[in-house]
Amino acid sequence: MEIEKYLAKLKREYMGLTPDSDFVDKSFERLELPVQKKSPFSFFVKKPAFSLAFTLLFIFIGLFSLIQVAQASLPGEPLYPVKKLYENLAFTKPQGKKEKTERRANEIIDIVNKKKGKKVLKETIDDYKKTIDEAKEKLSTGKDLEEVLSEQEKRFEQAIEENPESKEMLDEAIKAIRDEKTGEDVKGEIDGKNEKSESEDKNSGEN
Amino acid sequence: MNEDVPELIQRAQRGDKEAFGQIYKIYLKKIYRYIYYMIQNRQLAEDITQNAFIKAWKALPSFAFTKNGTFQAYLFKIARNLLTDYQRKKKDISLELIADVVKSDEDLIDYVTRKEEEKTVGNALATLDDDERQIVVLRYFEELSFSEISKIVGKNEGAIRVQVHRILIKLKNRIKDYGN
């Protein structure tokens with residue numbers, strides 16, 4: 001039996017199922033149509049592409065605002081991890097490492113001024129030391145960094161004058177700067193010596 | 001007449017009841033016979049048909065008209081949901097109606113053997129579950145595309161194709177069983 005053939009015959013019966021003529025003619029008049037309520041989101045439902053673009057834009061603006069607000073946060077605050085994440089993504093170039101030391105130094109001074117507590121200050125100073133080490137590794141010339149660090153040293157000294165109770169901690173930060181500078185001097189001396197011995201070796205070889 | 005449907009819908013979306021009246025006339029018979037075929041009760045079919053159009057009217061402002069035929073699928077989807085609600089609430093009535101057609105397996109065999117092959121298919125169709133019967137009606141009686149049926153039923157087009165194929169096999173097997 002070809003079932004499709006018989007379904008086609010049944011279709012004829014089905015098509016004969018018609019409503020009463022009274023229902024056809026008058027039922028619409030009897031229909032109580034309520035006032036249509038337009039949803040404020042109906043436009044987005046009708047235009048899915050626009051809706052997607054709007055959602056993406058909304059997310060982008062939201063993220064941008066969050067990152068902007070997070071830039072003013074200090075260690076221990078809820079948005080601080082966002083700030084750190086942003087820094088890890090944005091400051092990958094060697095020059096960015098210098099910017100990171102600047103940011104940590106600013107945080108140290110803010111923590112001291114806002115009297116955020118010794119624990120937070122200690123953690124930030126530790127982070128500051130790490131950032132200096134990172135910058136030292138990445139920057140080809142130490143001169144740029146040295147200038148920035150000297151500037152920061154002055155600001156720390158000024159902060160000590162304004163907040164003598166934080167002297168002990170800030171001294172640690174200053175010590176980190178001085179260690180870095182001394183390390184650079186020592187490295188310079190070693191490099192100088194190496195260059196000198198290399199040229200002596202060369203000369204003796206020629207002779 | 002159907003060429004005017006998109007324009008009528010747009011007018012109805014702005015609250016034009018006259019435009020909706022024209023849409024109502026275009027689709028009333030289709031929706032009615034679909035509902036009537038499933039519940040076999042004239043008065044109930046009229047009530048459910050009217051409810052379907054009231055629901056369609058209420059939801060019209062958020063309806064997205066993308067291509068021809070979509071509005072038809074939209075109406076059938078509303079009708080199908082109302083049928084599902086009705087059949088869920090009044091399961092006893094549905095069973096009673098099926099019992100009118102098929103009283104027992106024994107009666108069915110006697111009944112079927114007395115009828116022509118065409119009737120056999122109709123009865124086999126009556127033994128399918130509601131979802132399967134609806135798919136047969138939409139595909140073979142209303143001649144809707146697989147794409148439209150997929151929108152009404154809420155499954156993807158491929159799944160509907162497979163389901164239609166399976167339903168036909170099922171029908172063939174049932175008819176074969178009646179023959180034995």
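A salt bridge here is a side-chain nitrogen of Lys or Arg within 4 Å of a carboxyl oxygen of Asp or Glu. This is a predicted model, in which local features need pLDDT of at least 70 and side-chain atom pairs count only at pLDDT 80 or more, while totals for chains, interfaces and linings use all residues. Residues are numbered from 1 along each chain as its sequence is written, chains are lettered from A in the order in which they are written, and side-chain values use heavy atoms, with hydrogens and water left out.

**Salt bridges**

Over all chains, the search finds 29 salt bridges. Four of them are listed here.

| Pair | N to O distance |
|---|---|
| Glu143(B) and Lys11(A) | 2.8 Å |
| Asp20(A) and Arg42(B) | 3.4 Å |
| Glu107(A) and Arg104(A) | 2.9 Å |
| Arg161(B) and Glu157(B) | 3.5 Å |

Arg161(B) and Glu157(B) are four residues apart in helix α10 (residues 157-179) of chain B, so about one helical turn separates them. Helices are DSSP runs of H or I with at least four residues, numbered from the N terminus. Arg161(B) is partly exposed at 43% relative accessibility, and Glu157(B) is partly exposed at 34%. In these terms buried means under 20% relative accessible area, exposed over 50%, and partly exposed in between (1.4 Å probe, protein chains only).

Glu107(A) and Arg104(A) are both buried. They also belong to one network of salt bridges with shared partners, together with Lys83(A), Glu87(A), Glu99(A) and Arg103(A).

**Interface of chains A and B**

Contact (heavy atoms within 4.5 Å) links 29 residues of chain A with 44 residues of chain B. The buried area, which is the accessible area (1.4 Å probe) that two parts lose on being put together, summed over both, is about 3600 Å², and carbon and sulfur atoms give 70% of it. On the chain A side, Tyr14(A), Phe23(A) and Gln36(A) lose the most area to chain B, together 21% of what that side buries. Two salt bridges cross this interface. Asp20(A) lies in the loop between α1 (3-15) and α2 (21-30) of chain A and Arg42(B) in helix α3 (residues 42-59) of chain B, so their pair joins two chains.

**Nonpolar core**

A nonpolar core is a set of buried Ala, Val, Leu, Ile, Met, Phe, Trp, Tyr and Cys residues joined through side-chain atoms within 4.5 Å. The largest has 66 residues, and Tyr34(B) is one of those that touch the most other members. Helix α2 (residues 17-39) of chain B gives the largest share of this core, 15 residues. Leaving aside neighbours within four places in sequence, the contacts of Tyr34(B) include Tyr14(A), Phe76(B) and Leu138(B).
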